[in-house]
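Hello,

Here is the structure I promised to pass on. Please have a look, and then read my notes below.

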Amino acid sequence: MKTTAYGAQTAESALKPLEIERRDLRDNDVEMEVLYCGVCHSDLHQVRDDWGGSVYPVVPGHEIIGRVTATGPKAKKYKPGDLVAVGCMVDSCQHCDQCEEGDEQYCRERPTLTYNSPDRIDGRNTHGGYSKHLVAREDFVLRMPEGLDASRAAPILCAGITTYSPLRHWGVKKGSRVGVIGLGGLGHMAVKLAAGMGAEVTLITRSASKAKDAAELGAQHSLISTDPVAMEAAKNSFDLIIDTVPVEHDLKPYVPLLDINGALVMVGQIGPMGEMDSVPMVMGRRQIAGSVIGGIEETQELLDLCAEKNILPDCEIIRMDEINEAFARMERGDVHYRFVIDMSTLPGPRA
Ligand SMILES: [Zn+2]
Ligand SMILES: [Zn+2]
């Protein structure tokens, strides 16, 4: 089928309306109308080819809420009318050890990403959720739980799972002492989720002005990283720190904040880490680690948890034709905390 979308034709061009082709339904496919799509920093990076390898046109979007419109002949999980969600992956090998353990994001043969990734069967470049319709394998389509607000749930699919997966992996529970560095799309979800899991949450930030925002999101404390007295007093006081800062930065001030056996997990910056100092790691079995999104089952668990505990991202709803302005504002950090596109503002394909 042909459908409408918004995409970039080159690394230099703005996003514009275009027509794309969605594949015919395979046996286990689900076709959906996209209702809402979140706007992630990686959308901007891939449109601009910041990470290399972008194949144009790039149609971004991997925080997708949709309504099922059709299913393949052997698809069993969904029926037309069901509310569903799609995150950052649409396929993986399904037979390696990582896939078998539900960690498809670490598939040995690499998962197929929702956009700008070659499809495993026909090799065509995938197109994401800035589009009227999407077709995906049912195993990678998630069920929207009852009671979860569809207009606000989209950012759970990337910002949410990216922070939830390390919280879960490192065993955060009631009373765990969790620090969150940075308060953007990822950071605000890390605060909400850690608080929802019963942790004692501290926002670690350079700007005192963010302390009030963090308290409203559920953080009990704020630590101003430019205050040397406060930083000294906070040494050895965290079990886990989620570092959401999306650019290269100095980790040396943060690692000593961990208690013995604590871990600092990087989920924002993908690239150089600057100079390191092994002393706090060696002298306290502290870890510096990284983590990327989360598995399919884990993402379903997160959607269910968000519905149960009424945890929702703070979203600013925009029209599809406001996307270029939204990218510019996102670059300036001028969003609290995630843009979500109301996809009903994108006209559908001509009949
Ligand atoms: Zn993302
Ligand atoms: Zn695999």
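Is V279 buried, partly exposed or exposed? V279 is partly exposed, because its relative accessible area is 47% (buried means under 20%, exposed over 50% and partly exposed in between, with a 1.4 Å probe and protein chains only).

Before the rest, some background. This is a predicted model, in which local features need pLDDT of at least 70 and side-chain atom pairs count only at pLDDT 80 or more, while totals for chains, interfaces and linings use all residues. Residues are numbered from 1 along each chain as its sequence is written, chains are lettered from A and ligands numbered from 1 in the order in which they are written, and side-chain values use heavy atoms, leaving out hydrogens and water.

Back to V279, which sits in helix α8 (residues 279-282); helices are DSSP runs of H or I with at least four residues, strands are E runs of at least two, and both are numbered from the N terminus. Together with V282 and M283, V279 makes a nonpolar surface patch with about 330 Å² of accessible area.

Next, the metal site. C40 (SG), H62 (NE2) and C158 (SG) coordinate the zinc ion (ligand 1) at 2.0 to 2.2 Å (donors are N, O and S atoms within 2.8 Å of the metal, or 3.2 Å for Na, K and Ca; water is not among the atoms, so sites may look incomplete). C40 is in the loop between β3 (29-39) and α1 (41-47), and H62 is in the loop between α1 and β4 (64-71), so this pair ties together parts 22 residues apart in sequence. C40 counts as buried because its relative accessibility is 6%, and H62 counts as buried at 8%.

Helix α4 (residues 159-169) is largely enclosed by the rest of the structure, because 9 of its 11 residues are buried. Among them are I161, Y164 and L167. The buried residues of α4 pack against β10 (177-181), α5, β13 (238-243), β14 (258-266), α9 (296-309) and β17 (338-342). After α4 comes G171, with a positive phi near 70 degrees.

The largest nonpolar core has 54 residues, of which I65, L148, I156, L167, L193 and L302 touch the most other members (a core is a set of buried Ala, Val, Leu, Ile, Met, Phe, Trp, Tyr and Cys residues joined through side-chain atoms within 4.5 Å). Helix α5 (residues 185-196) gives the most to this core, with 6 residues. Another core, of 37 residues, lies apart from it and includes A8, L44, V47 and V335.

Best wishes

Definitions and conventions. Patches are made of residues with over 30% relative accessible area and no salt bridge: like charges are joined within 9 Å, nonpolar side chains (Val, Leu, Ile, Met, Phe, Trp, Tyr) within 5 Å. Accessible areas come from the Shrake-Rupley method with a 1.4 Å probe; for residues, only the protein chains shown count as cover. A salt bridge is a side-chain nitrogen of Lys or Arg within 4 Å of a carboxyl oxygen of Asp or Glu. Contact means heavy atoms within 4.5 Å.
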